[in-house]
Amino acid sequence: MSDAQIQLEGSLLLADPSLRDGIFDHSVILLANHSAEDGAFGLILNRPTGHRVGHFLKDPEFAALERIPVHIGGPVSSQQLTFSAFWWNEHDGLHWQLRLPAEEAIRRSRQPGIIVRAFVGYSGWSAGQLEQELRRNSWITARPDGSLFGKEHDRSLWSEILRSLSPYHRLLADSPEDPTLN
């Protein structure tokens, strides 16, 4: 399959265990946009900061968002806080809205079945960069299912999704972080 035929938008990227350093170690990324010509954009789902929006935005206009957890979305624009909404539709799968204005995030957060998260930064790839990383086996791709947003979005999400892919992936998920210490 040529790079132009790879369709990854809406997929999950799970960092290969060899990506041990930095922000992508054991990361799960929702690939929100992808094209061979323009590159790719996504958000790391399993890097909670331990903070809530209220820690950063103190103005009364943001009070309805104060309890929303803040995650690290990636290394690009890491000084920028954005809101995103996610929901699952049984007929056509995962949906998302990214870079929501605060007013829209508030409206979405009040709708049943919609999860709103705040992200600091995002993950981005230039044209052809992600395809090269995939050829080097830096990422494992998976399709999300309806249970994605019912799971904890912390470091354990990587292992949980990986275990569900195949017996081989279960071995990867259960192997020690540093196999040389085994």
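Visitor: Which residue forms a salt bridge with R108?

Guide: This is a predicted model, in which local features need pLDDT of at least 70, side-chain atom pairs count only at pLDDT 80 or more, and totals for chains, interfaces and linings use all residues. Residues are numbered from 1 along each chain as its sequence is written, and side-chain values use heavy atoms, with hydrogens and water left out. A salt bridge is a side-chain nitrogen of Lys or Arg within 4 Å of a carboxyl oxygen of Asp or Glu. The closest N and O atoms are 3.5 Å apart, and the partner of R108 is E104.

Visitor: Why are R108 and E104 separated by about one helical turn?

Guide: Helices (H or I, at least four residues) and strands (E, at least two) are DSSP runs, numbered from the N terminus. An α-helix has 3.6 residues a turn, so residues three or four places apart point the same way. R108 and E104 are about one turn apart because they both belong to helix 2 (residues 102–109), at a spacing of four residues.

Visitor: Are R108 and E104 buried or exposed?

Guide: Buried means under 20% relative accessible area, exposed over 50%, and partly exposed in between (1.4 Å probe, protein chains only). By this rule, R108 and E104 are both buried.

Visitor: Which parts of the chain does the salt bridge between D174 and R163 link?

Guide: The side chains of D174 and R163 meet at 2.7 Å, N to O. The two residues are eleven residues apart, and their pair links distant parts of the chain: D174 in helix 5 and R163 in helix 4.

Visitor: Why do the buried residues of helix 5 lie on the same side?

Guide: The buried residues of helix 5 (residues 167–174) are H169, L172 and A173. The arc is taken from the directions from the helix axis to the C-beta atoms. These residues lie on the same side of helix 5 because they cover an arc of only 100°.

Visitor: Which residues are exposed on the other side of helix 5?

Guide: Contact means heavy atoms within 4.5 Å, and what covers the buried residues of helix 5 includes strand 9 (139–142) and helix 4 (156–163). On the other side, the exposed residues are P167, Y168 and L171.

Visitor: How many residues lie between strand 2 and strand 3 in their hairpin?

Guide: Two strands pair if DSSP finds at least two bridges between them. Strand 2 and strand 3 (residues 39–44) pair in the antiparallel sense over six bridges, and F41 in strand 3 is the bridge partner of N33. In their hairpin, the number of residues between the two strands is three.

Visitor: Why is strand 2 largely enclosed by the rest of the structure?

Guide: Strand 2 also pairs with strand 1 (residues 12–15) in the antiparallel sense, over three bridges, with L12 opposite L30. Strand 2 (residues 28–35) is largely enclosed because, of its eight residues, those that are buried number seven.

Visitor: Which backbone oxygen does the side chain of S123 reach?

Guide: S123 is found in strand 8 (residues 115–125) and is buried, with a relative accessible area of 0%. Residues that S123 touches include F24, I29 and P75. At 3.0 Å, its side chain reaches the backbone oxygen of G73.

Visitor: Which residues touch the most other members of the largest nonpolar core?

Guide: A nonpolar core is a set of buried Ala, Val, Leu, Ile, Met, Phe, Trp, Tyr and Cys residues joined through side-chain atoms within 4.5 Å. The largest has 30 residues, and those touching the most other members are L12, L14, L45 and L130.

Methods. Polar contact = N/O pair within 3.5 Å; in protein donor to acceptor, adjacent residues only side chain to side chain.
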